[in-house]
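Please read these notes with the model open beside you. They take one point at a time.

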Amino acid sequence: MSRMTYLEAIEYVLAAEMEARLELIVLRPGARPALEESERDVALPRMSRNSFSVALGASMAGMHSVLDLRQESACAEMLMEAVCALPADASPEMTILTGAEEADRLAELPGVMVLQPKTPRQAAGFARAALRSSRLTLLIADQALAGEEDEIPEDGDFMMLPLDGTEETPDAEEETKPAEETAAEVCDEPAEEMPADFYEEPAEEASAETEDDAGDEGAPEPGAAEENTEEIEENADEPDEAAADAAEEPAEIPSEACQEEQAPHEAEEPEETPCGTDEEQAAETEKPTTHRFCSSRMTPVELARLHALAGLLGMPAETLAGRCTEHAMKNTASFGFVFEPEAEPGECACLAPGHENALIWLGNDRLTVSYDADSLSHAQAGAMLRAVKRVLETPELLIYDKECEGE
Amino acid sequence: MRDFLLKMYAYLRRLPAEQGLHAAVAVALAMLGPDDRLAARAALIPGGVLPGKVSSSLLDETPDPAAALGAAIALQAQAEGCVVVAPVTAQRAQEDDFASLLMLAAEMRLPIAFLMECDEEFPDDLDAQAALGEIERIQADGGDAMRLMPALRLAIDRAREGDGPTLIECVCGAADAESPAARLRDVLITEGYARPEELV
């Protein structure tokens, strides 16, 4: 541990990361380089809007660029313009270091992870998190805190991220994790958006899920997934719930979570990366579970059509969705249907008690089949999913269905 | 040489002829090595990319020369001998900050070659001349690939050897002039590098 001031902590972490990682480059408009002997600590003239472009170019060339704008008193306007001008699919690996004069405006930058440490310890932790993040990150260094001192761990992997914007993580000795794990777990998504129990998973299940995560791509926007590719996702949590239902094993997840089938379910880690594994990979994944699920994304257009047609037919949307499901599953017994349009995107269904074989669940953005793997094979569940989705995509067919005409 | 000329011809056919810098960009793509980069709007195109992989809309949006500068800074820090080629439209070149970007490139001796589009009436005002005084300037016929070749060769070699940036002023002629692809085709056939049926 070393005692450092707030600003020293940031520079210390920056120097340490520069030494450890050759892909870091620091660009300092209007300032002298701190590491004068390094080719990767570059002083630039004051360039206003061009400074962001220069940093962006360095990022495009494969480096993690650090743009130090602490000498610029008014950069919020420039940054807002520059960030908004980025192509929609651009994801520059860049850290911007600014002062706190325009913190309120800077916090509004779209698509940017904004970190504003309040203590020297947070400054060190946040700085490292920003430098190891693969996304555009803004680190606001409050000059008013320059004189504050604190003990800073000299651990090269000490890193922190805010949970609710103010909370400080536990002591360094407890929280230090391998950088890769911490970065993947924390840096790639704003932690404050995750429910408090999001990471409450047994270690063995979290590791078992890494096979799914390994095949994941970047998270597409819900509206962009118009190919309707089927996504097969393994739910390692559900087996515990199913086991709790069967009262065969102690469930690590409270049984109330299974009974609250109408409440929002625990978000799964693959939620942010919904391009899950393919069927073969999912089928090959060996897990000691009896409950599985597979899901397919419904586009907003498809869901809107369902609602529109339900309005025309004068029935609630869930009734129409249920009818579509029944129509698709005419010969399949022992399944249920749940309609949850308010559910959070990516939330997965839970096989509720009383539904022996399967539960078809239409949520905000996807259609999911939860099924008992002892009763249904993965292929059967996939076929069920496709059949229901086919009818949901063209619910107008029901208008001509004899079973519906009479009602 | 034959292979190089044919590759250049393939790039010329790939890029739309109505864009002023397309000949210079085609020559650059043919000359750049795999570690070199051509600055595009939101990406850096590696040299040696196959003509079929080059998007025909490559020059639809002109790249920001500041971003190209950043890429050159990064490449200079990463490895020696890598070059960035940055197309710059006439409109962008006349903005106030372009001269300062050139001066910065010259001061840092960045491995970058700017392909600047200009017409024959490009005004050489005193301020611009003063700003550009620090940088090596070469004028070339922007519509003739064979004349662009030595200019780009010189610029790329200078950049590789650490001699700093070069500004290639690609003078783009009248709209009814023969297309660069057609000109090169004539040269290839006349000089015996290729048969007409090979140049579809």
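Which residue in β6(B) does Gln139(B) stand opposite?

1. Gln139(B) faces Glu169(B) in β6(B). The strands β5(B) and β6(B), the latter covering residues 166–171, run parallel and are joined by six bridges. Two strands count as paired if DSSP finds at least two bridges between them. Strands (E, at least two residues) and helices (H or I, at least four) are DSSP runs, numbered from the N terminus.

2. This is a predicted model: local features need pLDDT of at least 70, side-chain atom pairs count only at pLDDT 80 or more, and totals for chains, interfaces and linings use all residues. Residues are numbered from 1 along each chain as its sequence is written, chains are lettered from A and ligands numbered from 1 in the order in which they are written, and side-chain values use heavy atoms, with hydrogens and water left out.

3. In chain B, six strands make an open, mixed sheet in the order β2-β1-β3-β4-β6-β5. Its edge strands, β2 (44–46) and β5 (136–141) of chain B, each pair on one side only. From one strand to the next, the twist averages 25°. Helix α7 (residues 145–160) of chain B packs on this sheet and touches β4 (112–118), β5 and β6 of chain B; contact means heavy atoms within 4.5 Å. The direction of α7(B) makes about 160° with that of β5(B). Such angles run from 0 to 180 degrees between N-to-C directions, with axes fitted to C-alpha atoms, for helices over the stretch in contact.

4. Chain A also has an open sheet of six strands, with parallel pairing and the order β3-β2-β4-β5-β7-β6. β3 (41–44) and β6 (113–115) of chain A stand at the edges with a single partner strand each, so one side of each has no neighbour in the sheet. β6(A) pairs with β7 (residues 137–141) of chain A over three bridges, in the parallel sense. Here Leu115(A) stands opposite Leu139(A).

5. The chains meet through 21 residues of chain B and 20 residues of chain A. About 1500 Å² is buried between them, 69% of it from carbon and sulfur atoms; buried area is the accessible area (1.4 Å probe) lost by two parts on being put together, summed over both.

6. Two salt bridges are counted between chain B and chain A, each a side-chain nitrogen of Lys or Arg within 4 Å of a carboxyl oxygen of Asp or Glu. One of them joins Glu95(B) and Arg49(A) (3.1 Å, N to O).
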